[in-house]
Amino acid sequence: MTPEEFYWKNKLTNKEYMQEIRVRSLGWVLDCIERGTIRQNTIKGLISEASLIDLLKTMEEIERYEDCQIIKEVLDKIYPNEK
């Protein structure tokens, strides 16, 4: 494997890894919202609705429906009136 091939392979892995981290952190965020330890306005300031929708579409395309459910719940709790 050439250094260039390794670089591009590693890049793809990083993208998938970042998606995985985002989905897992959204599960944590959802838990914090339900326990009341974090405010909705804080989450709105950190995570835009458009990025959540993009992540939802990506997870749907690769058929990760359990993750789609978590993302949808976060969208419903954080942005309930903005649909």
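**Exercise 1. Is Cys-68 buried or exposed?**

Solution. Start with the cut-offs: buried means under 20% relative accessible area, exposed over 50%, and partly exposed in between, with a 1.4 Å probe and protein chains only. Cys-68 has a relative accessible area of 10%, so Cys-68 is buried. Cys-32 is buried too, at 4%. Now look for disulfides, pairs of cysteine sulfur atoms within 2.5 Å. The structure holds zero.

A note on the model: it is predicted, local features need pLDDT of at least 70, side-chain atom pairs count only at pLDDT 80 or more, and totals for chains, interfaces and linings use all residues. Residues are numbered from 1 along each chain as its sequence is written, and side-chain values use heavy atoms, with hydrogens and water left out.

**Exercise 2. State how many helices and strands the protein chain has.**

Solution. Helices (H or I, at least four residues) and strands (E, at least two) are DSSP runs, numbered from the N terminus. The count is four helices and zero strands. The pattern along the sequence is α-α-α-α. The chain has 83 residues, and 25% of them count as buried.

**Exercise 3. Check the span of helix α4, then find its buried face.**

Solution. Step one: the expected span is 1.5 Å times one less than the number of residues. Helix α4 (residues 65-78) has 14 residues, so it should span 20 Å. Its end C-alpha atoms are 20 Å apart, which agrees.

Step two: list the buried residues of α4. They are Asp-67, Cys-68, Ile-71, Val-74, Leu-75 and Ile-78.

Step three: look down the axis of α4. The buried residues fall within an arc of 125 degrees, so they line one face of the helix. The arc is taken from the directions from the helix axis to the C-beta atoms. An α-helix has 3.6 residues a turn, so residues three or four places apart point the same way.

**Exercise 4. Describe the surroundings of Asp-67.**

Solution. Asp-67 sits in helix α4. At 13% relative accessibility, Asp-67 counts as buried. Contact means heavy atoms within 4.5 Å. Leaving out residues up to four places away in sequence, Asp-67 touches Val-23 and Met-59.

**Exercise 5. Which residues of the largest nonpolar core touch the most other members?**

Solution. A nonpolar core is a set of buried Ala, Val, Leu, Ile, Met, Phe, Trp, Tyr and Cys residues joined through side-chain atoms within 4.5 Å. The largest has 17 residues, and Leu-26, Leu-52 and Ile-71 touch the most other members. Helices α1 (3-35), α3 (49-61) and α4 each supply at least two residues of this core. Leu-52 touches residues including Leu-26, Ile-71 and Val-74, not counting residues up to four places away in sequence.
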